Amino acid sequence: MTLENGGETEDRGRFQCSLLGWFDRHKRVLPWRRDRDPYRVWLSEVMLQQTRVAAVTSHYERFLQRFPSVEKLAAAREASVLAAWSGLGYYRRARMLHAAAKQIVKEHRGKFPESAEALRALPGIGRYTAAAIASIAFDHPVAVVDGNVERVLQRMHGKNIAGEKLWRAAGELLSQQRPGDFNQAMMELGATVCLPRQPQCLLCPVSDLCATRGELQQQIKATRQTKRHINYTLACRNGSIFLVQRSKASTLMPGMWELPETAANETAEVWLTVRHSITVTDYVVRVLRGAAPKEITGRWVRKSRITALPLTGLARKILRAAGIV
């Protein structure tokens with residue numbers, strides 16, 4: 001299949017028909033596919049950035065219960081938004097989501113811009129997210145390219161195309177009649193069939209049009225994982241937990257709440273150990289039971305109030321493992 005020029009017209013039509021037919025029959029049932037409300041589409045797309053679908057599903061439902069509309073989100077305090085986002089990580093996404101909601105309410109009277117170009121003017125919305133919202137919510141004929149779509153296109157093409165050429169290829173292949181469904185179908189194919197390793201070619205609805213029919217060799221330099229050991233103190237008193245807040249000026253998760261990090265102490269009781277990974281670092285986290293560190297400024301928080309705070313992902317993981325939240 002020749003993708004540089006959008007493929008032969010007949011092949012392009014067969015590809016669209018086969019892919020959309022497969023999508024109609026086999027698409028996953030996901031909560032953000034119940035309707036095409038732009039607020040819900042936008043929220044799901046932001047949550048799905050750098051986060052697995054399985055991890056997003058429950059967070060998505062809870063977030064919508066807390067903020068069912070863009071107006072409710074815009075009116076909320078940032079701390080409340082971060083608390084609802086807690087556990088998804090990459091908290092800059094939540095801050096940009098909140099800022100964009102305010103702008104939509106203030107400048108657009110709560111109505112989402114419909115074109116990809118106008119959507120990109122909102123905080124935190126880049127080329128991919130704008131195209132996804134415009135096509136899925138408003139049926140604008142604009143293609144998306146994410147990691148899944150990139151992999152499908154490269155295998156169909158038979159070589160490692162990238163950059164603007166990749167976006168051009170996606171646009172030339174796009175169904176003009178059903179752009180939103182087609183974009184979702186391309187992402188679905190990459191997520192469930194055209195997998196990074198061991199692609200399920202026998203299940204692929206467009207395998208007869210694929211130049212590769214299998215893995216495409218890529219020169220990928222393996223990223224070395226760094227291992228690090230860290231210690232935190234879990235101090236409990238009268239139904240409260242001692243927590244500390246990161247500086248508002250911190251470059252990483254500003255204003256978030258966590259357990260106090262402490263130096264290794266051979267005499268302290270190791271209550272539990274958890275593993276935690278952030279980008280290229282694997283952490284072995286030892287949680288010590290003991291008194292609140294005197295040299296650290298923090299706050300005693302009632303257990304019933306903890307979930308209302310914007311916790312770091314690691315703090316939430318530790319408190320869940322301890323049976324506190």
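Student: With which residue does E78 form a salt bridge, and how far apart are the closest N and O atoms?

Tutor: Keep in mind that this is a predicted model, so every value here is computed from predicted coordinates. A salt bridge requires a side-chain nitrogen of Lys or Arg within 4 Å of a carboxyl oxygen of Asp or Glu. E78 meets that rule with R95, and the closest N and O atoms are 3.5 Å apart.

Student: Which parts does the pair of E78 and R95 tie together, and how many residues apart are they in sequence?

Tutor: E78 belongs to helix 5, residues 78-85, whereas R95 belongs to helix 6. Because the two residues sit in these two helices, the pair ties together parts whose separation in sequence is 17 residues.

Student: How many residues apart are E261 and R228, whose side chains meet in a salt bridge?

Tutor: The side chains of E261 and R228 meet at 3.5 Å, N to O, and both residues are partly exposed, E261 with a relative accessible area of 40% and R228 with 41%.

Student: In what order do the strands form the open sheet, and which strands stand at its edges?

Tutor: The open sheet has 4 strands in the order 5-1-7-6, with mixed pairing. The edge strands each have a single partner strand, so one side of each is left without a neighbour in the sheet, and these are strand 5 and strand 6.

Student: Which bridge partner does Y232 have in strand 5?

Tutor: Strand 1 and strand 5 pair in the antiparallel sense over 2 bridges. Within strand 5, the bridge partner of Y232 is E261, a residue whose side chain also meets R228 in a salt bridge.

Student: Why is strand 7 described as largely enclosed by the rest of the structure?

Tutor: Strand 7 pairs with strand 1 in the parallel sense over 9 bridges, where H229 has V284 as its bridge partner. Strand 7 also pairs with strand 6 in the antiparallel sense over 9 bridges, and there V274 stands opposite V285. The reason for the description is burial, because strand 7 spans residues 281-289 and the buried ones number 7 of the 9 residues.

Student: Which element gives the largest share of the lining of the largest pocket, and how many residues does that share hold?

Tutor: The largest pocket holds about 960 Å³ of space, and of its 32 lining residues the closest to the centre are G89, H276, S277, I278 and G313. By class, the lining has 12 nonpolar, 10 polar and 10 charged residues. The elements that give two or more residues include strand 1 and strand 6, but the largest share comes from helix 12, with 5 residues.

Student: Which residues lie nearest the centre of the second largest pocket?

Tutor: About 470 Å³ of space lies in the second largest pocket, and its lining divides into 10 nonpolar, 6 polar and 6 charged residues. Among the elements that each supply at least two lining residues are helix 2, helix 3 and helix 11. Of the 22 residues that line this pocket, those nearest its centre are L48, V53, D146, N148 and M187.

Student: Which backbone oxygen does the side chain of T51 reach?

Tutor: T51 is placed in the loop between helix 2 and helix 3, and at 16% relative accessibility T51 counts as buried. At 3.4 Å, its side chain reaches the backbone oxygen of M47.

Conventions: Residues numbered from 1 in each chain as written. Predicted model: local features only at pLDDT ≥ 70, side-chain atom pairs only at ≥ 80, totals over all residues. Heavy atoms only, no water. 1 Å grid on protein atoms, 1.4 Å probe; cavity = no way out; pocket = protein on both sides within 12 Å on 5 of 7 lines; lining within 4 Å. Points joined across faces, edges and corners; volume = space filled by probe spheres on them. Nonpolar A, V, L, I, M, F, W, Y, C, P; charged D, E, K, R; others polar. Buried < 20%, exposed > 50% of the residue type's maximum accessible area, 1.4 Å probe, protein only. Pairing = 2+ DSSP bridges. Polar contact = N/O pair within 3.5 Å; in protein donor to acceptor, adjacent residues only side chain to side chain.
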